[in-house]
Every structure is written in structure tokens, then in C-alpha cells.
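Here are my notes on the model, point by point. Please read them with the structure open.

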Amino acid sequence: MRQAGGGSDGVSPGNVPVCYYGPGGRVPSSLERRARAAEVFLRCAACGLAVLAAALLGADRQTRVFFSIQKVARYTDMQSLVLLVIANGMAACYSLIQGARCLVSIVRGGVLLSRPLAWAIFSCDQVMAYIVISAVAAAMEAALIGKYGQPEFQWMKTCHLYKRFCAQAGGGVACAIAASVNMVGIALLSAFNLFRLYGNGGGKAAGGK
């Protein structure tokens with residue numbers, strides 16, 4: 001939707017100034033351009049990093065021979081890595097779709113004024129950020145156990161046996177961490193895009209109450 005008239009400068013509960021679209025566009029065009037550019041960049045970066053993380057983990061394997069017995073280490077041997085691959089695949093697809101939406105909005109010159117749509121985007125961004133962060137936390141815990149072991153539970157460290165596998169898995173986890181940071185930034189931007197619609201007069205700017 002394009003900018004709509006009506007409304008005056010508003011404040012949020014607690015008298016904290018917020019930005020929204022009032023008559024003639026109360027948000028400076030320079031700020032709007034920077035916010036849109038930041039959102040597109042973060043979504044594209046999250047998509048690329050999530051794809052890279054999933055690719056590094058999915059293609060990670062190493063074969064070793066112990067006493068004439070061949071052992072193959074794969075990411076599927078660790079459920080936390082499987083979860084991380086799935087989470088990053090979901091994040092990559094979601095970021096691609098939302099990034100395309102942002103680009104179309106920029107090309108058309110549209111402005112997000114629909115509160116239901118803003119709530120939907122905000123909710124989805126929050127959920128995806130939580131999913132990726134949870135998967136990263138589980139994978140990091142498993143990686144630390146593989147690196148250092150857990151003597152209290154007699155869990156042996158294994159990375160000294162599968163050095164290449166662990167190195168590539170570490171790269172995948174690092175990319176996933178970077179993707180999760182981008183997802184957090186996206187969640188913050190979507191929160192800004194949502195709550196700036198709730199200033200006094202924000203409802204009129206969004207099409208009236």
C-alpha cells in the first residue's frame with residue numbers, strides 16, 4: 001500500500017516517540033530507504049548464510065579405518081546437526097520469500113501500512129529466529145562434547161579422530177550462528193515496522209479505524 005493521509009505525530013504508551021506514516025509521510029524518506037535497504041540486506045545475508053551452513057553440514061563426511069573396520073562420520077550421526085540442517089533450510093526458504101517480498105515492495109514504491117500483515121511478518125520472523133537460535137544452541141553443545149568430551153559421563157571426545165569432519169562441521173555451525181544473528185536483526189526490524197503503526201493517528205495512516 002502507498003502512503004495515506006491523516007493523523008498527527010503520535011507517541012507510544014509511556015510517551016516514547018514512535019515513527020509512523022502520517023500526512024505526507026512522517027517518516028523521513030532517507031530513514032525509510034535505509035530501513036528497507038537494511039531489511040533486504042539482512043534477509044539476503046540470512047538466506048545465503050543458512051544455505052551455506054546447510055550445504056557444509058549436509059556434505060560433511062569423513063571415512064576412517066580402525067582395525068580393518070571402516071567407519072564413516074556423517075552429520076546424520078548427530079541429531080543436533082540434523083536439526084540444524086533442517087532449521088537452516090527452513091530459514092533459507094523463508095528469508096528468500098521475504099526478501100523477494102521486500103524487493104517487490106521497493107520496486108513498486110509500496111509502504112507496509114496493514115497491521116494484520118505487519119503482525120504476520122513480525123510473528124513469523126520471531127518464530128524463525130527462535131527456531132534457528134535453538135538449533136544453533138543444540139549443535140554448539142554437541143560440538144563442544146565432540147571436541148572436549150564429557151569425562152563425568154564417560155563421553156569420549158571424537159574430533160581428534162575425525163579432524164576434517166569436525167573442521168567442516170565447525171564452519172557450518174559458524175555460518176549458522178551468523179545466520180541467527182541476521183535473523184535477530186530481522187526480528188528487530190519487523191518489530192519496528194509493526195509498532196510504529198500504533199502511534200496516535202497511526203490507525204488513520206494505516207487506513208482509518
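1. A salt bridge here is a side-chain nitrogen of Lys or Arg within 4 Å of a carboxyl oxygen of Asp or Glu. The side chains of Asp-125 and Arg-43 meet this rule, at 2.9 Å from N to O. Asp-125 lies in helix H3 and Arg-43 in helix H1, so the pair ties together parts 82 residues apart in sequence. Helices are DSSP runs (H or I, at least four residues), numbered from the N terminus.

2. On the basis: this is a predicted model, where local features need pLDDT of at least 70, side-chain atom pairs count only at pLDDT 80 or more, and totals for chains, interfaces and linings use all residues. Residues are numbered from 1 along each chain as its sequence is written, and side-chain values use heavy atoms, without hydrogens and water.

3. The whole structure has three salt bridges. Arg-43 also pairs with Glu-39, with the closest N and O atoms 3.1 Å apart. Glu-39 pairs with Arg-101 at 3.3 Å. Arg-101 is in helix H2 (residues 79–108) and Glu-39 in helix H1. Shared partners join Glu-39, Arg-43, Arg-101 and Asp-125 into one network.

4. Buried means under 20% relative accessible area, exposed over 50%, partly exposed in between (1.4 Å probe, protein chains only). Asp-125 is buried at 1%. Arg-43 is buried at 1%, and Glu-39 at 10%. Arg-101 is partly exposed at 28%.

5. How many disulfides are there? The count is zero, with a disulfide taken as a pair of cysteine sulfur atoms within 2.5 Å. The sulfur of Cys-93 is 7.7 Å from its closest cysteine sulfur, in Cys-47, too far for a bond.

Methods
Helix = DSSP H or I, 4+ residues; strand = E, 2+ residues; numbered from the N terminus.
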